[in-house]
Amino acid sequence: MIPFQYVKPSKPKAAIDTVAKDQTAMFIAGGTNLVDLMKRDVLNPEKLVDINKLPLRKIERENGTVRIGALALNGAVAEDKLVLEKHPLLSQALNAGASAQLRNMATVGGNMMQRVRCPYYYDTAMPCNKREPGTGCSAIEGYNRMHAIFGHSDKCIAVNPSDMNVALVALDAVVLVSGPKGDRKIPFGEFHRLPGDTPHIHTNLQQGELIMAVDVPENPYTKNVHYLKVRDRNSYAFALVSVAAALDLDGSNIKSARLAMGGVAHKPWRLQEAEQFLAGKPANEATFRQAAEVAMRGAKAFEHNQFKLKLGPNTIVQALKNAAGAV
Amino acid sequence: MKDYFFQDTVGKPMDRVDGRQKVTGAAKYSAEYELPNMAHAVLVGSTIARGSIKSIDTKRAENAPGVLAVLHYQNSIKVPGYVQEAHPTEPKPAGKPLQVFIDNQIHFNDQPIAVVVADTLERAMYAAKLVKVQYNVEKHATDFHQNVSKAVLPTVAKRNPKHGLNDYVRGKEDAYKTEPLKIESEYVIPTEFHNPMELQSIIAHWEADNKLTVYDKTQAVIGTQNAFAKDWGIPVQNVKVIATYVGGAFGNGLHTWPHETAAIIAAKKVNRPVKLMLTREQMFTMVGYRPHAWQKVGMSATKDGKITAITHEAIGQTSSYEEFTESTLQQTRMMYTSPNVTTRYRILPLNVSTPIWMRGPGEATGAFALECALDEMAYVIGMDPLEFRLINHTDKDPEKNLPWSTKYLKEAMQMGAEKIGWRKRQLQPGMVKNGEWLVGYGMGVGTFGANRGRAKVKATLHKDGTLVMQSATTDIGPGTGTAMVQIAAQNLGLPPEKIVFELGSSLYPPSPSQGGSATVATVGSAVHAVCQVLKKRLTSMVAGNSDTSFKGATVENLTFKDGYVSLTASPSARLSFGDILKQQNLPELEVTEESSPDASLRQKYSMYSYSVHFAEVQVHPLTGQIRVTNMVSCADAGTIINAKTAGNQMIGGAVGGIGMALTEGAIMDHRFGRYVTKDLAEYHVPVHADAPNISSLFVNKPDLINNPNGTKGIGEIAIIGVAPAIANAIFNATGKRIRELPITPDKLMMV
Ligand SMILES: Cc1cc2nc3c(=O)[nH]c(=O)nc-3n(C[C@H](O)[C@H](O)[C@H](O)COP(=O)(O)OP(=O)(O)OC[C@H]3O[C@@H](n4cnc5c(N)ncnc54)[C@H](O)[C@@H]3O)c2cc1C
Ligand code: SF4
């Protein structure tokens with residue numbers, strides 16, 4: 001940890017201007033990720049802009065969407081009546097994350113922006129392209145049990161660790177951003193990136209851009225949904241693999257489906273081909289198994305995460321079964 | 001409820017005497033003391049596993065704001081009598097504990113190589129980051145499996161052919177090999193870390209040139225006092241060690257560690273009190289761990305369930321500079337009737353830090369292999385594993401050829417089997433289901449020596465009728481003070497609320513470290529002794545009274561109850577303890593007693609505590625998710641002094657065992673020799689969601705051969721045997737035998 005300045009503006013514009021002007025400045029919300037990274041010397045912001053005074057905590061209905069403020073707490077969103085009614089999948093995903101204590105500190109914006117949990121990223125004594133571009137990726141030939149099977153590059157194979165993001169990408173959420181150059185909307189699937197040659201660029205948010213809210217459009221997925229997270233312990237652990245599954249059923253037939261995976265790629269991994277495969281098919285295990293095979297096309301594992309090639313499709317099948325059986 | 005406060009105190013689930021302080025935050029742990037003018041120290045760890053320091057650049061750190069000193073091997077004060085020792089100190093392990101800042105040699109990754117002292121913690125943290133070190137790197141060996149051929153017999157065994165760590169053969173060596181019905185399996189447990197809630201911390205304060213006070217997280221105040229006195233060549237009484245509260249330790253407070261000496265050196269150098277608290281990451285490298293171990297068990301049995309031979313081999317990891325050993329194979333030598341038993345123990349020195357005893361040390365590792373092997377053998381002969389164990393139960397110690405002091409393991413097994421519903425178990429795996437989930441049942445047995453040492457207790461009875469006892473034991477969580485109050489209440493006939501037991505200071509009469517499940521047997525016996533003497537003294541006072549109503553009184557014909565003495569035959573005449581003192585014009589009555597185990601009895605009897613654990617698990621066939629859905633832990637641990645704290649020990653041990661079985665394990669990247677799991681997000685201790693309803697049951701029959709209170713230890717047996725119970729239950733659910741811990745969903749997926 002290095003000495004740093006701390007400011008707590010009450011207007012978004014002031015917060016944005018401060019961070020836009022100063023490359024060494026960062027926003028801080030719940031601090032549950034950033035403070036750890038500072039203590040481990042992975043991130044060394046010289047100025048912290050605390051955004052907790054900004055009016056970004058509301059969860060409200062807005063033109064056919066549920067608009068969730070960037071500072072809404074993970075715990076509060078998970079328990080929110082509107083979210084439970086319109087987007088129960090999001091609530092389930094949030095409740096599968098971290099622990100109750102963390103969920104009561106962590107914010108929606110912070111959750112979207114949380115860094116990878118690759119152990120090499122957190123230890124400055126070992127090489128990591130993401131932390132120090134050009135030093136090499138220690139995970140590719142090292143301990144890669146938790147790492148990606150989709151969309152990885154020869155520069156970085158880390159995964160996005162968030163549960164919330166998996167539900168939000170499945171639900172076609174849109175991120176509302178305000179920056180030095182004005183406001184813009186980013187479809188959730190385009191917010192996070194694949195590592196490519198630039199793993200040190202974590203998301204598509206620019207310096208100084210502030211997440212204001214997330215819009216989750218209303219949809220038919222209010223009943224037959226399930227977020228299934230397989231992890232090393234029954235709470236308070238990141239996903240080995242997780243699946244967000246949502247079905248719109250007509251009797252025992254699938255009208256349409258949404259499917260996304262967590263713990264498998266540098267971004268929350270939407271499975272659109274599998275969704276298309278599911279549409280119009282009977283909701284039974286055979287269909288789910290075939291959809292899982294479609295979903296797993298192109299997956300490539302490393303030394304310690306071979307199991308994801310098996311656990312991945314199994315978890316998809318089970319999540320779909322649970323979604324179909326949910327009332 | 002009211003009756004706790006009167007006779008018959010022992011056994012009652014009395015609330016902890018310090019429970020209120022602990023839950024309200026009033027209890028003060030070592031890092032919570034604030035001394036005037038106190039400075040803060042932060043350690044710099046090496047980033048290589050083996051080699052030497054080529055250069056160390058401290059300029060920027062020294063110039064950073066608030067920095068008072070940056071100390072390392074080139075400029076550190078030399079500790080005159082550097083002798084860091086483990087406690088209990090006998091027998092001494094071979095090799096030498098790591099001596100901090102003594103030379104430029106690097107023995108393991110994150111070895112403390114410098115300490116930065118500053119006026120605030122934040123400034124010390126910042127400056128620590130500015131220390132730049134260059135190394136001469138040498139090739140390190142940290143990978144257990146790649147180096148396993150280099151395992152050796154421990155030096156203590158080489159030197160003394162009678163030492164218990166030598167190879168052991170009863171009957172014929174490796175007799176299982178030629179038997180028709182046999183198993184042969186290998187088992188691995190990874191390095192596990194104690195990770196108590198409280199981080200290791202110390203405040204070192206030189207009150208004068210040769211007078212040192214430390215507020216230290218330790219399980220041994222006297223051991224620590226002796227070690228520091230020798231280090232610094234100062235009289236033992238000039239070293240004061242305070243550890244009033246210890247926030248868990250599980251064994252990692254049984255050694256004096258480099259960070260403690262680093263803080264003492266720093267305090268001497270800057271001539272101010274210095275506080276040093278490890279970070280959570282440093283807890284993984286600087287204060288010991290349960291060593292990685294490989295084991296192999298060969299076993300044979302007859303069709304009707306008689307074990308004919310067991311061979312158990314174990315190799316445990318140690319450091320390159322100090323030989324750590326533990327009694328991994330003890331349970332195998334004494335638990336079952338087998339006429340042929342062979343054990344072989346080796347250690348494997350690697351470029352890692354030294355391990356230290358962790359709850360159920362050795363035995364918990366050994367029991368994992370032995371009790372899984374028993375389950376495997378039961379499957380080979382198609383027998384219920386409970387029945388198999390009952391058939392091979394021994395009524396005397398087959399290793400020492402001695403009778404047991406007490407052994408009620410069969411009773412414990414019956415109680416536990418009943419409670420978990422063992423009858424629901426099917427021998428054939430995968431037969432019981434709950435919806436999609438496969439249900440399985442498993443069991444494991446544990447044992448640990450019913451140890452007892454020597455302790456001294458000072459008791460002061462005041463004329464207001466209150467009793468204050470003192471002894472230099474510690475309480476790392478089991479509720480030592482509470483148990484001692486209950487023992488005194490019972491033995492003296494005084495309400496518990498009138499009794500205070502003070503511990504955790506080297507100023508009190510000596511007691512051993514809190515370890516090896518021996519505290520209640522050891523210190524409790526001294527409390528028992530002190531109460532007997534107090535009773536005698538009170539008896540002679542009343543017998544000699546001018547008021548003749550107590551004429552001819554003896555301890556035997558008096559009743560001591562509720563703080564009063566009365567003649568058993570005519571209870572109407574009674575005197576309070578306080579009034580007895582007042583009649584004698586005594587402000588107080590002070591008695592100090594020491595109690596030691598009777599060595600001759602220990603040669604006539606073999607003394608062990610026993611546990612048996614039953615687990616019910618559910619495993620999802622598609623995802624490999626594992627849930628422990630029910631657990632029953634039963635103990636034969638002699639007299640239970642406090643049903644609540646004893647039950648709490650059992651439940652804590654069971655949760656620790658769930659961790660061993662399912663979640664805990666260090667992972668090191670051997671290219672760097674560094675751990676990649678070194679925080680509580682990556683190193684998984686079990687959480688509430690992993691712990692089911694756990695029932696703890698006690699046979700609760702006294703072992704009066706062991707000690708006058710009839711107790712045997714609980715802390716270790718609470719975890720020994722839990723991991724195999726769960727592993728066996730997973731096999732019963734799935735038919736999959738995972739022999740390498742922890743059993744995680746990916747392992748189930750890939751077999
Ligand atoms: C032990 C542990 C276990 C965990 N387990 C899980 C888990 O199982 N599943 C899971 O999903 N998560 C898990 N988490 C992660 C947790 O969800 C995140 O730490 C949390 O969501 C981050 O939110 P925060 O508000 O605290 O962010 P902060 O730590 O304050 O900030 C994180 C990042 O977001 C940026 N930021 C914050 N708000 C904004 C904004 N409005 N606009 C732009 N940038 C912003 C900050 O600059 C920073 O870079 C775990 C965390 C811990 C410590
Ligand atoms: S996977 Fe990415 S984060 Fe991990 S070591 Fe490689 S580059 Fe760094």
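Analyst: Across the interface of chain A and chain B, 14 residue pairs are in polar contact, both partners at pLDDT 80 or more. (A polar contact is a pair of N or O atoms within 3.5 Å; within protein, one must be able to donate a hydrogen and the other to accept it, and residues adjacent in sequence count only if both atoms are side-chain atoms.) On the chain A side, helix 8 (119–122), strand 9 (224–231) and helix 12 (308–325) are the elements that give two or more residues to the side touching chain B. Helix 12 of chain A gives the most, with 7 residues. Helices (H or I, at least four residues) and strands (E, at least two) are DSSP runs, numbered from the N terminus.

Before going on, a word on what you're looking at: this is a predicted model, where local features need pLDDT of at least 70, side-chain atom pairs count only at pLDDT 80 or more, and totals for chains, interfaces and linings use all residues. Residues are numbered from 1 along each chain as its sequence is written, chains are lettered from A and ligands numbered from 1 in the order in which they are written, and side-chain values use heavy atoms, with hydrogens and water left out.

Back to the interface. The rule finds 7 salt bridges between chain A and chain B, a salt bridge being a side-chain nitrogen of Lys or Arg within 4 Å of a carboxyl oxygen of Asp or Glu. One of them joins R674(B) to D123(A), with the closest N and O atoms 2.8 Å apart. As for contact (heavy atoms within 4.5 Å), 39 residues of chain A touch 37 residues of chain B. Together the chains bury about 3,300 Å², 60% of it on carbon and sulfur atoms; buried area is the accessible area (1.4 Å probe) that two parts lose on being put together, summed over both. In chain A, R40(A), R233(A) and N234(A) lose the most area to chain B, together 19% of what that side buries.

Now for the inside of chain B. Its domain assignment, with bounds that come from an automatic or database assignment, gives domain 1 (33–138 + 197–248 + 253–284), domain 2 (150–191 + 289–451 + 603–750) and domain 3 (453–596). The centres of domains 1 and 3 of chain B, taken over C-alpha atoms, are 40 Å apart. Their contact takes 17 residues from domain 1 of chain B and 16 residues from domain 3 of chain B. Between them they bury about 1,100 Å², 59% of it on carbon and sulfur atoms. Q219(B), V221(B) and I222(B) supply 43% of the area that domain 1 of chain B buries there, more than any other three residues. Here the rule finds 0 salt bridges, while 5 residue pairs are in polar contact. Helix 6 (221–232) and strand 11 (239–242) of chain B each supply at least two residues on the domain 1 side, and strand 11 of chain B gives the most, with 4 residues.

One more stop: chain B has an open sheet of 4 strands in the order 22-21-20-26, with mixed pairing. (Two strands pair if DSSP finds at least two bridges between them.) Strand 22 (499–502) and strand 26 (588–595) of chain B stand at the edges with a single partner strand each, so one side of each has no neighbour in the sheet.
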